[in-house]
Amino acid sequence: MGKRVAVIGAGPAGLATVKELLDEGHEPACFERASSLGGVFRFGETDGVAWESCRLTSSPLLTSFSDFPEPADRLMHLPAREYVDYLTRYANAFGVLPRIRFDTTVEAVERDAGSWKVRTRDAAGVREARYDAVAVCSGLHQHPSTPEFPGQQSFTGAIMHSAQYRRPAQVAGKRVLIVGAGESGADVAAEVAANAAETVLSLLRYGKTPLFASSKLTVEGNVCFEVVKIPPSVAPSGLPSPVSP
Ligand SMILES: Cc1cc2nc3c(=O)[nH]c(=O)nc-3n(C[C@H](O)[C@H](O)[C@H](O)COP(=O)(O)OP(=O)(O)OC[C@H]3O[C@@H](n4cnc5c(N)ncnc54)[C@H](O)[C@@H]3O)c2cc1C
């Protein structure tokens with residue numbers, strides 16, 4: 001007999017979980033605190049974590065679900081909004097959409113007499129319901145991790161995490177230091193450099209080889225701290241010349 005399953009989150013993981021549960025004859029109820037699906041790829045001016053021009057770093061081939069492939073002509077990395085369109089088509093195709101309760105936050109989950117008591121909050125207030133199982137699909141990248149720096153309190157400029165960056169107007173004419181060159185840092189650095197007065201990228205690498213030939217380098221043990229100026233003419237696809245292998 002099908003089980004009642006509470007699914008927390010309507011990002012890619014939550015949608016696939018609801019679809020698979022339906023396939024197996026279960027009764028999923030998906031709770032999503034945002035007003036639309038897509039997880040981190042959903043653009044939200046104040047409640048999202050992605051910027052307007054954000055594109056996926058994984059290919060459509062690898063990012064699409066095997067039971068709902070993207071057309072073969074979509075080989076370029078998709079803009080996030082097109083990936084959300086894809087997820088919406090997926091949710092429509094497999095009857096997932098009617099299972100989602102948007103604008104509903106799961107506040108607590110409690111084991112109780114062999115089942116799960118799930119407390120949710122929406123515009124109408126707080127509700128509690130029982131489920132046989134709970135699938136936690138609330139994501140790894142919902143909350144920015146912001147380091148603290150010495151002197152931060154006396155810094156008079158703005159400090160923002162990439163999760164608060166939306167568009168180049170936020171940095172136009174400013175001198176910007178980008179800290180970190182992971183996927184978000186590298187992506188945002190190129191766009192910022194094309195719009196800010198001056199852009200400097202600071203990154204940390206393990207080993208003693210810098211990433212860029214023009215870097216200023218400090219080596220401490222196994223770690224090298226690298227600082228590099230990004231020219232404003234940098235194209236979205238290019239950073240300063242890398243060190244030859
Ligand atoms: C800027 C950025 C770009 C990325 N690009 C890629 C990429 O190109 N390719 C790739 O594979 N991965 C990428 N990632 C990683 C990406 O986070 C995951 O691959 C993907 O989002 C995982 O999906 P998910 O459903 O687990 O989580 P999420 O997408 O984070 O979705 C979680 C959902 O749960 C909801 N939620 C959370 N808590 C609650 C609650 N208490 N009640 C109700 N709802 C709740 C959230 O609102 C959200 O909609 C990127 C991440 C970031 C931040």
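A residue is called buried if 20 or more other C-beta atoms, placed from the backbone, lie within 10 Å of its own, exposed if 12 or fewer do, and partly exposed in between. The model is predicted, so local features need pLDDT of at least 70 and side-chain atom pairs count only at pLDDT 80 or more, while totals for chains, interfaces and linings use all residues. Residue numbers start from 1 along each chain as its sequence is written.

**View 1. Buried residues of α4.** Helices (H or I, at least four residues) and strands (E, at least two) are DSSP runs, numbered from the N terminus. In α4, the buried residues are S184, V188, A189, E191, V192 and A193. They pack against β8, β9 and β11. Contact here puts two C-beta atoms, placed from the backbone, within 7 Å.

**View 2. Surroundings of V7.** Leaving out residues up to four places away in sequence, V7 touches G14, T17, V18, P28, A29, C30, A135 and C137.

**View 3. The shell around the ligand.** Of 29 residues around the ligand (C-beta atom, placed from the backbone, within 6 Å), G9, G11, G39, L56 and G139 come nearest. The largest share, three residues, is from α1.
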